Amino acid sequence: MANRVDRTKEIMEATAKLLMEEGSEGLTLRKVASRCGISLSNLQYYYPGKTALLQAMAAHFFRVCEERVLAERDKVLHDDPASAQVFLKRLLTLMIVCELDDFYHVLFRELWALAARDATLAEGMRTYYCRYAAWLTSQINELFPRAETITSLLIPYSEGVALVGDAMPVSNEAMVSVWYQLITGQPDTVKI
């Protein structure tokens, strides 16, 4: 029998795959349970309804984003504590170039599509974004002045890029340099 952590991870993976394959319309608790090889009642023990499952999926999405940022921050600042600019460039690249798997792009779009029709999920997403914005601000606050302003501009921009970035006339990589210059007031000469 799988432990709770393994089971919830399995449920998150099955939910994500179903969202990618069938979209929000094709996602049902019954299908998720079937993919996990468990009964519907067992799945409902973990997530009593579709909204609870999707809220858990949103929390998982933000946790993955935070883990990526922390890993970059630790790596860059561990090697050179004075290299705030390198961390900024990596952060911008993660958020604007969207170095997460396609799975997360699809997940993000599907969660917002569902939240547009589900007030409880929409409120959950708002709560997660408030927490994520506060957390991201805390990660860059000691490195850059105006951290709240940077976060308030960067999060909505990067989320929009996840939706329509491949249709824009300027590449996401070029926009990383634009953002770097806006934040630091210096030309982008940082190599990562």
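Let's start with two helices. The axes of α8, residues 147-164, and α9, residues 172-184, come within 12 Å and cross at roughly 170 degrees. An angle over 145 degrees counts as roughly antiparallel. So α8 and α9 are roughly antiparallel to each other. Who makes the contact? From α8, we have I150, L153, L154, Y157 and V161. From α9, we have N172, M175, W179 and I183.

One word before I go on. This is a predicted model. Please keep that in mind throughout.

Why did I give you two numbers for that pair? Two packed helices are described by the angle between their axes and the distance between the axes.

Take α1 and α4. Helix α1 covers residues 4-26. Helix α4 covers residues 50-79. Their axes are 10 Å apart, and the packing angle is about 105 degrees. The range from 65 to 115 degrees counts as roughly perpendicular. That makes α1 roughly perpendicular to α4. On the α1 side, the contact uses I11, M12, T15, A16, L19 and S24. On the α4 side, it uses K50, L53, L54, A56, M57 and H60. Find both sets on the structure.

Now, charges. How many salt bridges does a search of the whole structure find? The search finds seven. I'll walk you through three of them.

First up, R7 and E10. Their side chains meet in a salt bridge, 2.8 Å from N to O. Where do they sit? Both lie in α1. They are three residues apart, about one turn of the helix. R7 has a relative accessible area of 12%, so R7 is buried. For E10, the value is 28%, so E10 is partly exposed. The cut-off for buried is under 20%.

Next, E22 and K31. Here the closest N and O atoms are 2.6 Å apart. K31 is found in helix α2, residues 29-36.

Now pick a residue elsewhere in the chain, E159. K31 and E159 are 128 residues apart in sequence. In space, they are 28 Å apart, C-alpha to C-alpha.

E142 has a relative accessible area of 61%, so E142 is exposed. R73 has 13%, so R73 is buried.

While we are in α4, look at L70. L70 has 32% relative accessibility, so it counts as partly exposed. Leaving out residues up to four places away in sequence, L70 touches W135 and Q139. L70 and Q139 are 69 residues apart in sequence. Yet in space they are 8.2 Å apart, C-alpha to C-alpha.

What is the phi of R146? It is near 65 degrees, a positive value in a residue other than glycine. Why mention it? Most residues other than glycine have a negative phi. R146 has a relative accessible area of 49%, so R146 is partly exposed.

Last stop, the surface. Which residues form a nonpolar patch there? They are L163, V164 and M168. Together they have about 270 Å² of accessible area. L163 lies in α8, the helix we started with. Its relative accessible area is 45%, so L163 is partly exposed.

Quick recap. α8 and α9 are roughly antiparallel. α1 and α4 are roughly perpendicular. R146 has a positive phi. And L163 is part of a nonpolar patch on the surface. Over to you for questions.

Conventions
Residues numbered from 1 in each chain as written. Predicted model: local features only at pLDDT ≥ 70, side-chain atom pairs only at ≥ 80, totals over all residues. Heavy atoms only, no water. Patch = residues over 30% accessible without salt bridge, like charges linked within 9 Å, V, L, I, M, F, W, Y side chains within 5 Å. Areas by Shrake-Rupley, 256 points an atom, 1.4 Å probe, with all protein chains shown as cover. Salt bridge = Lys/Arg side-chain N within 4 Å of Asp/Glu carboxyl O. Helix = DSSP H or I, 4+ residues; strand = E, 2+ residues; numbered from the N terminus. Buried < 20%, exposed > 50% of the residue type's maximum accessible area, 1.4 Å probe, protein only. Axes fitted to C-alpha atoms, helices over the stretch in contact; angles between N-to-C directions. Parallel < 35°, antiparallel > 145°, perpendicular 65-115°, else oblique. Contact = heavy atoms within 4.5 Å.
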